[in-house]
Amino acid sequence: MKQKLILWLENYLFFPNSFQKILSYLLLPLSFIYLLVILFKRLKASKIDFNIPIISVGNLTIGGSGKTPITIELAKNFKDVCVILRGYGRESKGLFVVSLKGEIKVDVKTSGDEAMLLASTLKNATIIVSEDRVEAIKKAKELGCKIVFLDDGFSKYSIKKFDILLKPKDEPTNSFLIPSGAYREPKSFYKKANLVLKEDIDFKRVVTIKKENKEVELPKKTILLTAISKPNRLLEFLPKNIETIFFEDHHNFTKDEIDNILNNHRDFAIVTTQKDFVKLEKFNLKNLYIMDLSIKISQKVDFTALKNYIKSYN
């Protein structure tokens, strides 16, 4: 039932049917109020220069669009780099240094799934979670970081930064702002970004199935278990008609949930994402396969503006 509700909400926000479109139009007055709030915040904000290059990787819509893998792909090319994110789904509050120059300091409950994925992948980076991005930037400078990547920071209008926005391969047919549609900022705001990267044109996802860090093929009887936004986007990389079990984005799996899945699917293997794996690892599942995701950025992408921005702080 929960899985059907998740998919219904995502279809409503991104690709609504006729009935959902009616609901979307009925909620337009709330979207208009939301728009006024956004415009007021943007006009009111005065930008703070922290005297350190800050690169925001974000998107205009709700949910995932490849921010974490793009951040990994870009950040791995720098020394003394820090990645700052809010840490959605974590059980902690406040500022935490998740990893310091590659040394992991906290568990996944404290960090959240995305931060732990970044910490385990970027072996030399510093990862910080904090609701207050300003305090996190100050902490990064205190720790000696020379460049900051800000996860999902486009709406942080008061921070002077280089904005990269990601466009999904299949853009929503519903162009309204929430709660009428999937957009958190007006679609026209793509023009306000310093660089826009569109999936399948400027970058592509490359997925390899792995087990114990070795490339393998999936068994015929396999379940896709995941707690990410828009989980149906994973299906293009998997066998047709694969069974699925979806939880809400950033869900923390419990032992009872995993035991129930194993009892109901005794002869099945489980395949999951890297982001989910950091939360499933503690259960020591024997027949667990990982969708290893990497990003291939087109050589046609012009990073001159980004390079000049970084140089301006040297």
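**Reading charged pairs and a sheet**

Tutor: Begin with one residue of this predicted model. Lys275 has a relative accessible area of 13%, so Lys275 counts as buried.

Student: Which residue forms a salt bridge with Lys275?

Tutor: The general idea is that side chains of opposite charge can pair when their charged atoms come close. Here the partner of Lys275 is Asp249, with the closest N and O atoms 3.0 Å apart. Lys275 belongs to helix H9 (residues 274-280), while Asp249 is in the loop between S12 and helix H8 (255-264), so the pair ties together parts 26 residues apart in sequence. Asp249 is partly exposed, at a relative accessible area of 29%. Salt bridges that share partners join Glu114, Asp249 and Lys275 into one network.

Student: How many salt bridges does the structure hold?

Tutor: The structure holds 20 salt bridges. One of them links the side chains of Lys101 and Asp80, at 3.5 Å from N to O. Lys101 sits in the loop between S3 and S4 and Asp80 in the loop between H4 and S2, so this pair ties together parts that are 21 residues apart in sequence. Lys101 is partly exposed at 42% relative accessibility, and Asp80 is partly exposed at 33%.

Student: In what order do the strands of the open sheet run?

Tutor: In general, strands of a sheet pair through backbone hydrogen bonds, either parallel or antiparallel. This open sheet has eight strands in the order S4-S3-S5-S2-S6-S1-S7-S8, and the pairing is mixed. Strand S4 (103-104) and S8 are the edge strands, each pairing on one side only. Strand S3 (residues 96-100) and strand S5 (residues 126-129) pair in the antiparallel sense over three bridges, and Phe96 stands opposite Val129 in S5.

Student: Which strands does helix H4 touch?

Tutor: Helix H4 (residues 67-75) packs on the sheet and touches strand S1 (54-58), strand S2 (81-85), strand S6 (147-151) and S7. The direction of H4 makes about 170° with that of S6. Helix H10 (residues 304-311) also packs on the sheet, touching S1, S6 and S7, and its direction makes about 145° with that of S1.

Terms used
Residues are numbered from 1 along each chain as its sequence is written. This is a predicted model: local features need pLDDT of at least 70, side-chain atom pairs count only at pLDDT 80 or more; totals for chains, interfaces and linings use all residues. Side-chain values use heavy atoms; hydrogens and water are left out. Two strands pair if DSSP finds at least two bridges between them. Helices (H or I, at least four residues) and strands (E, at least two) are DSSP runs, numbered from the N terminus. Contact means heavy atoms within 4.5 Å. Axes are lines fitted to C-alpha atoms, for helices over the stretch in contact, and angles run from 0 to 180 degrees between N-to-C directions. A salt bridge is a side-chain nitrogen of Lys or Arg within 4 Å of a carboxyl oxygen of Asp or Glu. Buried means under 20% relative accessible area, exposed over 50%, partly exposed in between (1.4 Å probe, protein chains only).
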